[in-house]
Amino acid sequence: MGNSISLAGYTFVVEETKEVSGEDLGLLQEKLLQLNWGVQHPASGPMRLKVWVDGDEVVKVDPDIGYVLRLLEKLVEYRTWQNAIVNVERACFIDNFGTMTGYSIAAEKIAGVEVPKKADYVRTILCEGGRIVSHLIGLGGFIGVLGVHTPMQWALIAREKFLDAFEVYSGQRIATASIVPGGVRYEPTGKFIEKMISAVDFLEKEFIPRYTEVFIDNPTLKLRSQGIGVVPKEKAVELGLAGPALRASGVASDVRKDYPYTAYGELDFRVVTKEEGDAYARYLVIWEELIESAKIIRQAIEGLPEGEWRTKFPIKVPPGEAYVNVEWARGCFGFHLISDGGTGPYRLKMRAPSFANLWAMPEMMKNVKLADVPVIFASLYMCHGDIDR
Amino acid sequence: MEAKDALKIPFEATKKVIRVTKALFAPKATEIWWDKGIKRELHYRGKHIINAELCIGCGMCSRACPVNCIDMVPTGVKKPRAVPKVRANECMFCGLCEDACPTKPEKAIKLTDHYSMILEDVTWDKLTEYVFEPENLEEALEKAKKMEELLEKKKQEALKKKQQAQQAKAKAEAKKEQPSLEKGKEEKPQQGDNSQKGSKGEE
């Protein structure tokens with residue numbers, strides 16, 4: 001099974017003997033066929049699934065990752081406390097605010113810095129904006145793999161309004177680099193709030209009704225996705241699923257609710273769960289979270305307090321460790337940050353939700369039809385930048 | 001409602017006619033956008049502007065840069081010992097140099113809303129040569145040199161005064177020694193006067 005790194009030293013041992021040895025060899029040559037789903041497949045992204053099929057049935061799936069490895073964790077060690085955010089946000093820049101918030105909270109924990117309340121609220125607004133942007137692409141992508149590309153275009157129109165708001169706030173649309181240890185970098189001006197409200201208005205009044213009408217209770221969509229890739233509650237916990245995929249199996253796990261960070265403790269929202277645990281349930285969870293996020297943004301804008309938005313963060317941070325979980329768009333994102341008393345992080349370990357979902361996928365893809373592979377793959381809502389880091 | 005709609009029809013029709021005629025006589029389907037001077041929104045992070053007069057040469061921007069694209073170029077004068085030079089090809093426009101700049105109230109290094117950075121006949125050499133340098137560097141250097149000259153003049157004047165004062169002191173002491181032999185009680189106030197003169201010369 002795949003590659004494994006031996007613990008002693010850094011020698012790489014490749015074990016690929018199992019599939020083509022002994023009695024199985026004849027079977028493999030006669031019946032089983034290995035297909036490469038990806039790297040050039042339009043739905044797979046920069047990653048490859050080795051799919052063994054027996055006729056039309058999938059026997060085994062082995063993900064082959066590493067095409068977008070950027071060594072982000074190592075690069076952070078060469079940065080200062082402030083400018084490490086540019087590497088952290090590139091874990092997946094579709095929702096870059098969540099990762100920056102997690103890293104900043106971890107750094108503040110070690111340094112013992114308390115963030116002003118206004119910064120907490122701005123972080124909440126930005127995080128939810130990032131979640132909406134990410135979920136919109138997730139929705140469009142899920143129907144995109146089924147062969148319909150209209151919802152992706154609709155989702156991109158709604159996403160554009162949020163990107164405009166981010167540009168007014170920070171000066172860039174995607175790689176914003178706007179949340180630093182010690183607060184947020186820019187003042188939330190009136191124009192930013194205006195743009196954010198207009199974006200949420202567009203989402204709630206134009207996008208959601210139109211999308212609900214066509215792509216939510218859609219019979220064709222249900223035929224393709226209902227009862228496919230079913231994960232029961234116990235198995236979801238056992239496999240270590242994260243984010244919307246876990247909530248679709250009936251586990252009400254949400255870091256925002258369980259261990260509130262930034263301003264989530266003061267806001268009123270519900271955790272979306274579904275009982276079915278199939279691909280359609282995962283799609284619906286993403287959809288309902290989108291609506292919930294829009295409400296959170298409205299609440300946070302109403303409750304935005306006056307005052308400072310950034311405090312001074314020391315250049316040298318005392319030695320210490322911190323582990324922080326944040327509810328990122330794709331699930332629980334963990335940051336283990338270690339300081340040795342220098343001007344920058346000594347080590348940063350990122351626990352990524354997409355990586356957890358990816359290794360649960362081969363279990364779910366046993367004995368399904370080949371045509372269901374893209375549906376299950378897209379319903380798990382993974383980001384390749386996040387898998388490889 | 002119907003009456004209002006009916007009123008709107010001629011307006012919209014004329015609008016459409018104007019749009020179509022414009023499109024008919026327009027030379028190209030695509031527009032050249034970069035010389036139109038489009039204003040970006042607040043906080044846009046574009047081309048750098050470096051003010052050499054404000055710069056104190058501390059090098060904080062160079063340290064804050066995550067991609068190490070800011071070099072500190074030595075100037076030869078004392079006040080801004082070095083000024084930043086941004087290698088534009090490597091810059092990622094995060095704006096952390098602007099945050100790190102300690103000058104108040106105006107920052108010496110700033111990101112403006114200029115986003116058009118077009119090079120013609122782009123080769124690797126040209127890209128590596130493309131840098132953002134301080135705009136008013138020569139003026140600032142001249143000013144700094146003048147300031148240095150002024151300071152040196154003042155120093156020399158001060159030195160001269162000091163020397164004169166010392167000479168005067170020495171003379172006064174030499175004079176005092178003779179009367180002091182006669183009147184020992186008047187020594188102290190006279191010495192105090194001399195020391196005051198000396199301190200003025202130092203200033």
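Predicted model: local features only at pLDDT ≥ 70, side-chain atom pairs only at ≥ 80, totals over all residues.
**Stop 1: helices α5 and α12 of chain A**

Select Y121(A), T124(A), I125(A), E128(A), G129(A), R131(A), I132(A), H135(A), G138(A), L139(A) and F142(A) in α5(A).

Helix α5 spans residues 117-145 of chain A, and helix α12 spans residues 279-302 of chain A. Their axes come within 9 Å and cross at roughly 155°. Angles over 145 degrees count as roughly antiparallel, so α5(A) is roughly antiparallel to α12(A). The crossing of α5(A) past α12(A) is left-handed.

**Stop 2: helix α4 against α5**

Stay on α5(A) and select helix α4, residues 96-111 of chain A. The axes of α4(A) and α5(A) are 7 Å apart, and the helices pack at an angle of about 140°. They are therefore oblique to each other.

Color the residues that meet here. From α4(A), pick N96(A), F97(A), G98(A) and T101(A). From α5(A), pick R123(A), L126(A), C127(A) and G130(A). By class, this contact has three nonpolar, four polar and one charged residues.

**Stop 3: a loop residue in chain A**

Go to N367(A), in the loop between α13 (353-364) and α14 (373-379) of chain A. Check its backbone: phi is near 60°, a positive value in a residue other than glycine. Most residues other than glycine have a negative phi. Is N367(A) buried or exposed? It has 8 C-beta neighbours inside 10 Å, so N367(A) counts as exposed.

**Stop 4: where chain A touches chain B**

Show both chains. The contact takes 15 residues from chain A and twelve residues from chain B. Which helix gives the most to the side of chain A that touches chain B? Select helix α6, residues 150-170 of chain A, which gives three residues. On that side of chain A, the residues divide into four nonpolar, seven polar and four charged.

**Stop 5: the sheet in chain B**

Move to chain B and select β2, β3 and β5. They make an open sheet of three strands in the order β2-β3-β5, with antiparallel pairing. Which strands stand at the edges? They are β2 (70-74) and β5 (131-132) of chain B. Each has a single partner strand, so one side of each is left without a neighbour in the sheet.

Zoom in on strand β3, residues 82-87 of chain B. Strand β3 pairs with β5(B) in the antiparallel sense over two bridges.

**Stop 6: two loops in chain B**

Follow the chain from β3 into the loop between β3 and α3 of chain B, and select F93(B) there. Phi of F93(B) is near 55°, again a positive value in a residue other than glycine. F93(B) has 18 C-beta neighbours inside 10 Å, so it counts as partly exposed.

Last, select K104(B) and P105(B). P105(B) lies in the loop between α3 (96-100) and β4 (109-111) of chain B. What is the peptide bond from K104(B) to P105(B), cis or trans? It is cis, with omega near -5°. Most peptide bonds are trans.

How values were computed: Residues numbered from 1 in each chain as written. Chains lettered and ligands numbered in written order. Contact = placed C-beta atoms within 7 Å. Helix = DSSP H or I, 4+ residues; strand = E, 2+ residues; numbered from the N terminus. Nonpolar A, V, L, I, M, F, W, Y, C, P; charged D, E, K, R; others polar. Axes fitted to C-alpha atoms, helices over the stretch in contact; angles between N-to-C directions. Parallel < 35°, antiparallel > 145°, perpendicular 65-115°, else oblique. Left-handed = near helix turned anticlockwise from the far one by under 90°. Pairing = 2+ DSSP bridges. Buried ≥ 20, exposed ≤ 12 C-beta atoms within 10 Å, placed from the backbone.
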